[in-house]
Amino acid sequence: MSLDDVKTSGFKYVGTSPDRPDGVDKVTGRAKFGADAYAAGMLHGAIVRSPHAHARIISIDTTKAAAAEGVKAIVTRADFHTDLSGENWNIMENVMAGDTALYDGHAVAAIAATSVLAARDAAKLVEVTYEILPHVTDVDEAMAQGAPIIRAGAADNSVPDGLHPNVVRYHESGHGDVDAGFAEADLVIEDHFRTEATHQGYIEPHACLGTLGGDGKGEMWCTTQGHWNVQKICSALLGMETSQLRVTASEIGGGFGGKTTVFIEPVALALSRIANRPVKIVMSRSEVFRASGPTSSTSMDVKIGMKKDGTITAAKGVFRLQGGAFPSAPMEFTAMCAFAPYNLSNVKQIGYDVMANRPKQAAYRAPGSPMAAFAVESVIDELCKELGLDPIDTRLKNASHEGTKASYGPTFQRIGLVETLEAAKAHPHYSAPLKPGQGRGISCGFWFNFGGETSVSLALSMDGSAQIVVGTPDIGGSRASMALMAAEELGIPYENIRCTIADTASLGYNEVSHGSRVTYASGLATIKAARDAVKKLCGRAAAKWGIDPEAVDWVDGCAVPSGPNAGDFDPMPIAEICKRMGSTGGPIVGHFEASPEGAGVSFATHIVDAEVDPETGKTSIVRYTVVQDAGKAIHPAYVEGQYQGGAAQGIGWALNEEYIYGKDGRLQNDVFLDYRIPVASDLPMIDTVIVEVPNPGHPYGVRGVGETSIVPPMAAIANAVSQAAGVRMTELPMSPPRVLKAMDDAKGG
Amino acid sequence: MSKIHVTTSVNGDAVEFLCDPRETLLDVLRDRLHLTGAKEGCGTGDCGACSVTLDGRLVCSCLVLGAEAEGHEIGTIEGIANGEELHPLQQKFIEHAALQCGICTPGILVATKALLEKNPDPTETEVRYWLAGNLCRCTGYDKIIRAVMDTAADLRSDMKEAT
Ligand code: FES
Ligand code: FES
């Protein structure tokens, strides 16, 4: 698609913010989320989890548990499919431990019983004998000589010789000659950064209800970002044909990437297969923290050279990511996103995927990118400070634009980084005075955005209203966006469209709702499906009029004769065509199935003011502005919501949130009281600016917006805090004790 | 273990149930009465997703035992709308896009309704502190706070007109 084919103006519905179609369900408590399903004869599942960070499982004795009241089924790893390899094997191993428990909270067995309490009580009666093994949870320690080996032979052939077996994948990319570039610089700054793992923190714990009968047919209801993926993985783990398992996605209470895989779903099915009854499993919050995927923790070194005028001459980053006891850390994303905002002649980035005794990391909003931005944008800030340069002007000077060879390889098409920087510079926030004790931070951020397999169908009803069926769960108002785009194409009111999320039996494969792909890919598919339906509508009108279908246009919900026939017939409204569909050729349905590849990359610039209390080291965010390119905002209020939500999560990551492991390798803070996410009184209003630089890969220019918003906050806040505290903060979170210590050390030094 | 017989009222309806002494009010509402509007986000009193009122007082139903409901009046999200007619807060939450995933929404609505009944003219800071026990991971709270402030202003002007 070229930019000429992109509609960027003249919209009637797109760009407005009507009430969402599922609004009433969600404000009345009627919407059914994962844990809200019940079935006749349903059992409740409970999972037995390892209390050890690393331990060989010598034996599992279920005799007492099996005899307990109400217990109907018990499963261990032996009850799952054995012939697995690659990522399916990794997921299986994470869902239920094999020979070895690999982290605190790793599942080792599961029970189904007639009540939640009976299942939990029985789980306590399962006797597991462990041989405790040495463990490691820190990324640098896990790479060091002598570190306990998580699993020998897990490394792939990308890893250079001589590294510890816990280093399982290696990435290197870039272009130019960084050494020559550093030699050209007037100032080179290199620093070391660390970030702790954080959790996506969706308020809805994982929950599912699974049925697998003796006929080999299964049903699964669960909270997920991608039910086709659940279908694919669960069927593999249970050794059944994919099509025999039908998965229905519940309403989803937040995911942020963390609900893109499976944890309890295969277990419910395995229990159901034995008990021959439906089995429901709901994780506790503690289980969510201990056993579902947090982010990677990182250790990073970033070195950047700059000329006195602000030109970056070279940049190099080394990014070590710990992704739990499996090869999975998104280190290549970290490496590839790190310098993407900048037009660099000499750049090199290296990534290490490191295993440790922690839960398998899962995607979290722009996985891997926020950490890189924290390190890179901190060094740029320090360079600006040393050279007396304005942070926005310096970024503008080096900003990537259309035609830039990206640090990660491709050449950028039309992108909107410069526009976000200019909008940030022009924003009153940037020039507002600061009070004593306050600092202002800036950061850019980048995310690729994804397309992926997408299938949408749009059926017209006899009254001329329309039903869209999509396969991407609605996490933040996407039904509204789909309905707006369909309304635009069909020329019928937004209210006349109902958007439903189909189960896996009702549409072709749909990739998970991730990678900020829903409004882009399902949106593109909705537009194309609507155009397909419009073509058919025009065909029906043409047949009635006895003219060539090519000579019929679609205008404002009506077929209109055009060209030589213009004016020959009255416009035929959609309702009239649809009323007769049965006798004019049958049902009218539009389809679209493809894997769109034109997801435009997205950039943002954030501005934040922070105030540091010198007595306690506590940071308050006093003002926050998000400027981000949306390509085209379909439903602006929900675009703003994505910006604000990403910023808020970033504020938590920057200031409070962290996984704290004890010396025993156990997670110390597995409840919301101790893993503190931002509450309403922690935050200011979050101002947003929607920049619209159309994406040539979408009919209306849409770029995904869900993820880029979490990339800049940690860096922007670190830059603000460093200014306010008078000392460079290089470790996240910037919790009060850490800031206080840094301030004390700086005074002492 | 023998079960406890409890007689109570939920959203004005007389209700009886049997529950295990260990079951929370949240468990009973959801699993026995199938009123699944109240959500369990934590089970430890930290997230507010399970917010209900007990004799008009805002409580976390995960911290109340089912047996403790005996003789009291429980109010849940299912009782906030008047039939088809949404409560002004519900309407404003939709209009302001104050929900993304919506899992926190029932708890936040129950909590803010309790706030506005106590304090019809709260400041932004008062709203933020009142809601500090209700976690929302999606919205950054901005649009929630605006929806609450806007509802409060509307309700105040309605009241003025009525007098
Ligand atoms: S479930 Fe009751 S406060 Fe979280
Ligand atoms: S809207 Fe998702 S937690 Fe509040």
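The domain bounds used here come from an automatic or database domain assignment. In this predicted model, chain A is divided into domain 1, made of 3-31 + 451-594, and domain 2, made of 390-449 + 600-746. The C-alpha centres of domain 1 and domain 2 of chain A lie 36 Å apart, and the contact takes 28 residues from domain 1 of chain A and 24 residues from domain 2 of chain A.

The size of an interface is often given as the accessible area lost when the parts come together. Between domain 1 and domain 2 of chain A the buried area is about 2,000 Å², and carbon and sulfur atoms give 64% of that area. Across this interface there are 10 residue pairs in polar contact, with both residues at pLDDT 80 or more, whereas the count of salt bridges between the two domains is zero. On the side of domain 1 of chain A that touches domain 2, the elements giving two or more residues are α15 (478-490) and α16 (518-545) of chain A, and α16(A) gives the most, with seven residues. The residues of that side divide into 11 nonpolar, 10 polar and seven charged.

Chain A also holds an open sheet of three strands, in the order β4-β2-β6, with antiparallel pairing. Because β4 (100-101) and β6 (127-132) of chain A stand at the edges and have a single partner strand each, one side of each is left without a neighbour in the sheet. Strand β2 (residues 55-61) of chain A pairs with β4(A) in the antiparallel sense over two bridges, and Ala55(A) has Ala101(A) in β4(A) as its bridge partner.

Methods:
Residues numbered from 1 in each chain as written. Chains lettered and ligands numbered in written order. Predicted model: local features only at pLDDT ≥ 70, side-chain atom pairs only at ≥ 80, totals over all residues. Heavy atoms only, no water. Pairing = 2+ DSSP bridges. Helix = DSSP H or I, 4+ residues; strand = E, 2+ residues; numbered from the N terminus. Contact = heavy atoms within 4.5 Å. Buried area = accessible area lost by both parts, 1.4 Å probe. Salt bridge = Lys/Arg side-chain N within 4 Å of Asp/Glu carboxyl O. Polar contact = N/O pair within 3.5 Å; in protein donor to acceptor, adjacent residues only side chain to side chain. Nonpolar A, V, L, I, M, F, W, Y, C, P; charged D, E, K, R; others polar.
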